[in-house]
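Open the model in your viewer and keep the selection panel at hand. The tour moves from one selection to the next.

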Amino acid sequence: MKKLTLFSLFLAAVVIILGAYTRLTDAGLGCPDWPGCYGNLTVPLSEEKVAQANAAYPERPVEAFKAWNEMIHRYFAGTLGLCVLAIAIIAVRQRHKGTPVKLPLLLLGLIIFQAALGMWTVTLNLLPVVVMGHLLGGFSVLSCLFILYLRLRHTADDAPENRDASFPHATHDSVIGDSPQSMGFQRNLKRFAFIGLGVLVTQIALGGWTSANYAALACTEMPVCESGWQERIDIAGAFSVPDADNYEFGAHDYGERVTMHIVHRFGAVVTFLYLLALGVSVLISRHVSQKQKYVGAFMLLALCTQVALGLSNIVFMLPLAVAVLHNAVAAVLLLSLLNLIFTVFLALENGPVTHTEKQRGFTITSDKSLHSASAYKTYEKPLHDPIHDPFTGSASSHILPKAPGGFHG
Ligand code: HEM
């Protein structure tokens, strides 16, 4: 299941990139029906089929390039749907072994909803709320797959056969001091990071709104917009949906597009400053593990790349590659923040080492900080062997670690 989850994670990333490419090449309506394309399983290619398709949809004659864009995205998304279904089935069948079940079932629900949003994107002619919802749904599927993968990997890493007997905590990625200060820092970090998650998701939604309403080039000047932007601001108009038959190329007026674009820019400043503060506080703290420092540094790298790509969108007038990358790096940034939050949960669950290790059957002769290798060597042999497996109720050599509380599935 771990490998399938990893595969699905990559597939979800590909689907998101293909989705962005489809949207940015204005191919969202490349096939005007759903789930087929002009009533076919593939793009109509023969003269006869193209003539039939054009007769059935005279307002949208076949454009093979756009239709292929759309269909390739659908094939990949369909394969991802089947993978998620397989994960859910495996999870339910293996639930007695302690495999997470709620998260795979949530994923299945999400992917079904995503398919519905994909259908409404087409049938409601690119209604912006649906397009933005589809983008957020894709990011949610990716995030859930990532959390599931982290949980499964953590479970596997913590299995006794993967732990070095002479170095019992070697695979433990939550190694921090167990002082009250360290635990207090991790608790504050958890709060700080969750607010950051809210800020980032809002910024992603604002970006999706800007893109879904074709407002990317509403402002081409720095730092805010073309002169006179203050008079054009219309918040209510920018965040409402005008009546239209078709939303392709946007239905909002210029002032409304300027407003949504500017709000995304201001959102970028807030997101940047907030995540910068979060990342730097992780990097300079003595109360985090080395792993958390790496994750924090990676998040900062993704953040700076994302801002640079956003600026390039404007300076270079939305080149396709930059716009697609701006979408992809937003996903990377989100995953890196989730990874940081996951490490905090692990640290809070397992940080007080004396307590956790006693539970696991190890005893400790010193309560020194675990930052140094010498501290590891103060561990003695397991108190009892084999370990009692709480899931099967039997004595077993395989024990599943406790999953971090907020990520239970
Ligand atoms: C942390 C910062 C940022 C995040 C998380 C973010 C996220 C996003 C997302 C998710 C989209 C939607 C992409 C799509 O639909 O394919 C987007 C679009 C956009 N963003 Fe950002 N963005 C950030 C910073 C910036 C900055 C600094 C700028 C420029 C000053 C910018 C300019 C744009 C523009 C012009 C679009 C519309 C592009 C399009 O139509 O495809 N972004 N952003």
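Which residues is Leu333 in contact with, leaving aside its neighbours within four places in sequence? Select Leu333 and look: the contacts are Leu200, Met299, Ala302, Leu303 and Gln306. Bear in mind that this is a predicted model.

**The main core**

Leu333 is among the residues that touch the most other members of the largest nonpolar core, together with Ala12, Leu145, Leu334 and Leu337. That core holds 78 residues. Now colour the elements that give two or more residues to this core: H1, helix H3 (64-93), H4, H5, H6, H9, H10 and H11. H11 gives the most, with 18 residues. Colour by domain next. Domain 1 (1-171) and domain 2 (177-351) each supply at least three residues to this core.

A second, separate core has 8 residues. Select Tyr38, Ala53, Ala67 and Met71, which are among its members.

**Helix H11**

Select 320-350, which is helix H11. Is H11 mostly covered or mostly uncovered? Mostly covered: 24 of its 31 residues are buried. Then check its length. At 1.5 Å a residue, the 31 residues of H11 should span 45 Å, and its end C-alpha atoms are 45 Å apart, so the two agree.

**Helix H10**

Move to 290-315, helix H10. Its 26 residues should span 38 Å at 1.5 Å a residue; the end C-alpha atoms lie 38 Å apart, which agrees. Highlight Gln292, Val295, Gly296, Met299, Ala302, Leu303, Gln306, Gly310 and Asn313: these residues of H10 are buried. An α-helix has 3.6 residues a turn, so residues three or four places apart point the same way. What do the buried residues of H10 pack against? They pack against H9 and H11. Step just past the end of H10 to Met317, where phi is positive, about 60°.

**The ligand**

Now centre on the ligand. How many residues surround the ligand? There are 28, and the closest are Gly207, Ser211, Ala216, Ala268 and Gly310. Show helix H1 (2-24), helix H6 (180-212), helix H9 (254-284), helix H10 (290-315) and helix H11 (320-350), the elements that give two or more residues to this shell. H10 gives the most, with 7 residues.

Colour the shell by residue class. It divides into 14 nonpolar, 12 polar and 2 charged residues. Then return to the domain colours.

Select Val131, in helix H5. Val131 has 22 other C-beta atoms within 10 Å, so it is buried; the cut-off is 20 or more. Not counting residues up to four places away in sequence, Val131 touches Thr121, Leu126 and Ala212. Draw a distance to Ser211: the C-alpha atoms are separated by 9.1 Å, although Val131 and Ser211 are 80 residues apart along the chain.

Go on to Leu126, in the loop between helix H4 (102-123) and helix H5 (128-157). Its phi is near 60°, a positive value in a residue other than glycine. Leu126 is buried, with 24 other C-beta atoms within 10 Å.

Find Pro35, in the loop between H1 and helix H2 (47-56). The peptide bond from Trp34 to Pro35 is cis, with omega near 5°. Tyr38 is in the loop between H1 and H2 as well. Phi of Tyr38 is positive, near 55°. Is Tyr38 buried or exposed? Tyr38 counts as buried, because it has 22 C-beta neighbours inside 10 Å.

Jump to Pro223, in the loop between H6 and helix H7 (229-232). Met222 and Pro223 are joined by a cis peptide bond, with omega about -5°.

**Zoom out**

Show the whole protein: 13 helices and 2 strands. Of its 409 residues, 39% count as buried. Among contacts with a separation of 6 or more, 73% are between residues 24 or more positions apart.

Conventions:
Residues numbered from 1 in each chain as written. Predicted model: local features only at pLDDT ≥ 70, side-chain atom pairs only at ≥ 80, totals over all residues. Near = placed C-beta within 6 Å. Helix = DSSP H or I, 4+ residues; strand = E, 2+ residues; numbered from the N terminus. Nonpolar A, V, L, I, M, F, W, Y, C, P; charged D, E, K, R; others polar. Buried ≥ 20, exposed ≤ 12 C-beta atoms within 10 Å, placed from the backbone. Expected span 1.5 Å × (residues − 1). Contact = placed C-beta atoms within 7 Å. Core = buried A, V, L, I, M, F, W, Y, C linked by C-beta atoms within 7 Å. Domains from an automatic or database assignment.
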